[in-house]
Amino acid sequence: MTRTSRSRDDRAGEAASTGPRIAAGVAGVDPRPGLSGIDPDALRAWMVETGQPGYRADQLRDALWGDRAASLDEVRTLPAALRDRIDGAFRFDSIIETDIRLADDGRTERALHLLSDGVLVESVLMHYPARAEHRERDTLCISSQAGCAVGCPFCATGELGLERDLESAEIVDQVRSAARRLAPRGRRLTNIVFMGMGEPFLNLDRVLAAAEAITDPRRFGLGARHITLSTSGVVPGIRRLTDIAPQYTLAVSLHAARDPLRDVLVR
């Protein structure tokens, strides 16, 4: 479910700092894994193990990634009995509800996502019209944690503290949510930035799994050069990313030119 309202205040982190705008009453943590975090080969293996032909996994994958289906009920290529079985084992979408606020004359969409355990995270979709030599872009800034353990005093999210790391599916489903909103407008995501709530390099395993799903041509299929991983300066994570040597862009927030001042600002 998506709800839309308008606001002229486009300060980053406002959705986190002002509290929920979504109805409460979530039952609790959903133990089912999110489908968007499942490797296609693992999904095919699950289908075969449950007595289904392998092509059913392809139909489900196409609905999940290609058709932009919002719920399993919309996947009419699968028999109802199989949809029920899938629903018992997996979450088709790990986001329960999304509240949208528009800014910049509609060019910025700030989404507040409600997860199964009542946690709220934010993503921001920014539209950049084509100008001169620059092509049209739709950039999505996504969260990797609910809250943040890095206590930067100038950051609204840092003031909240860390609630928990996000699962890879909860990260990826922010991308799927934005893609569904763009599809009716004939647009698609061109860039994804891990610079929302949280420090991506403190949840690096799940962030890398999410990035793999986003770049996998069998799933979302965005080019690796269109993904930016941002960090406040978590050195072990930077070294690990360097060892892996993907084509992602690394962004490091320096905050200050001198280490003593940076140690005050980033803690």
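This is a predicted model: local features need pLDDT of at least 70, side-chain atom pairs count only at pLDDT 80 or more; totals for chains, interfaces and linings use all residues.
The protein has 9 helices and 10 strands, and 48% of its 267 residues count as buried. Among contacts between residues at least 6 apart in sequence, 60% join residues at least 24 apart.

- Helix α2 covers residues 40-49, and its buried residues are Pro 40, Leu 43, Trp 46 and Met 47.
- Look down the axis of α2 and you'll see those buried residues fall within an arc of 115 degrees, so they line one face of the helix.
- Here's the background for that: an α-helix has 3.6 residues a turn, so residues three or four places apart point the same way.
- Turn to the face pointing away from the buried side of α2, and you'll find the exposed residues Val 48 and Glu 49.
- The cover over the buried residues of α2 includes α3 (55-66) and α4 (80-89).
- At the start of α2, Asp 39 puts a side-chain oxygen within 2.8 Å of the backbone nitrogen of Asp 41.

- Most residues other than glycine have a negative phi, which makes the next two worth a look.
- Asp 104 has a positive phi, near 50 degrees, and sits in the loop between β2 and β3 (108-115).
- With a relative accessible area of 32%, Asp 104 is partly exposed.
- Ala 132 also has a positive phi, near 50 degrees, and belongs to the loop between β4 and β5 (137-142).
- Ala 132 is exposed, because its relative accessible area of 82% is over the 50% cut-off.

**The nonpolar core**

- In soluble globular proteins, nonpolar side chains tend to be buried together.
- In this model the largest nonpolar core has 54 residues, and those with the most contacts inside it include Leu 60, Ile 86, Leu 189 and Phe 220.
- Helix α7 (residues 204-215) gives this core its largest share, 7 residues.

**Helix α7 in detail**

- α7 has 12 residues and reaches 16 Å from its first C-alpha to its last, close to the 16 Å expected at 1.5 Å a residue.
- Which residues of α7 are buried? They are Leu 204, Val 207, Leu 208, Ala 210, Ala 211, Ala 213 and Ile 214.
- Those buried residues pack against α3, α6 (168-182), β8 (191-194), β9 (227-231) and α8 (235-244).

- Ile 86 is part of helix α4 and is buried, with a relative accessible area of 0%.
- Leaving out residues up to four places away in sequence, Ile 86 touches Leu 35, Trp 46, Met 47, Leu 60, Leu 72 and Leu 78.
- Trp 46 is 40 residues from Ile 86 along the chain, and their C-alpha atoms are separated by 9.8 Å.
- Ile 100 is in strand β2 (residues 95-103), and it counts as buried at 2% relative accessibility.
- Ile 100 and Leu 112 are 12 residues apart in sequence, but 6.5 Å apart in space, C-alpha to C-alpha.

- You'll find Ser 123 in strand β4 (residues 120-128).
- Is Ser 123 buried or exposed? At 1% relative accessibility, Ser 123 counts as buried, because the cut-off is under 20%.
- The side chain of Ser 123 makes a polar contact with the side chain of His 113, at 2.7 Å.
- Beyond its neighbours within four places in sequence, Ser 123 is in contact with residues including Glu 109, Arg 110, Leu 140, Cys 141 and Gln 174.

**Cysteines**

- A disulfide is a covalent bond between the sulfur atoms of two cysteines.
- How many disulfides does this model have? The count comes to 0.
- Cys 141 is buried, with a relative accessible area of 13%.
- Cys 148 counts as buried too, at 10% relative accessibility.

Methods:
Residues are numbered from 1 along each chain as its sequence is written. Side-chain values use heavy atoms; hydrogens and water are left out. Helices (H or I, at least four residues) and strands (E, at least two) are DSSP runs, numbered from the N terminus. Buried means under 20% relative accessible area, exposed over 50%, partly exposed in between (1.4 Å probe, protein chains only). A polar contact is a pair of N or O atoms within 3.5 Å; within protein, one must be able to donate a hydrogen and the other to accept it, and residues adjacent in sequence count only if both atoms are side-chain atoms. Contact means heavy atoms within 4.5 Å. A nonpolar core is a set of buried Ala, Val, Leu, Ile, Met, Phe, Trp, Tyr and Cys residues joined through side-chain atoms within 4.5 Å. The arc is that of the directions from the helix axis to the C-beta atoms. A disulfide is a pair of cysteine sulfur atoms within 2.5 Å. The expected span of a helix is 1.5 Å times one less than its number of residues.
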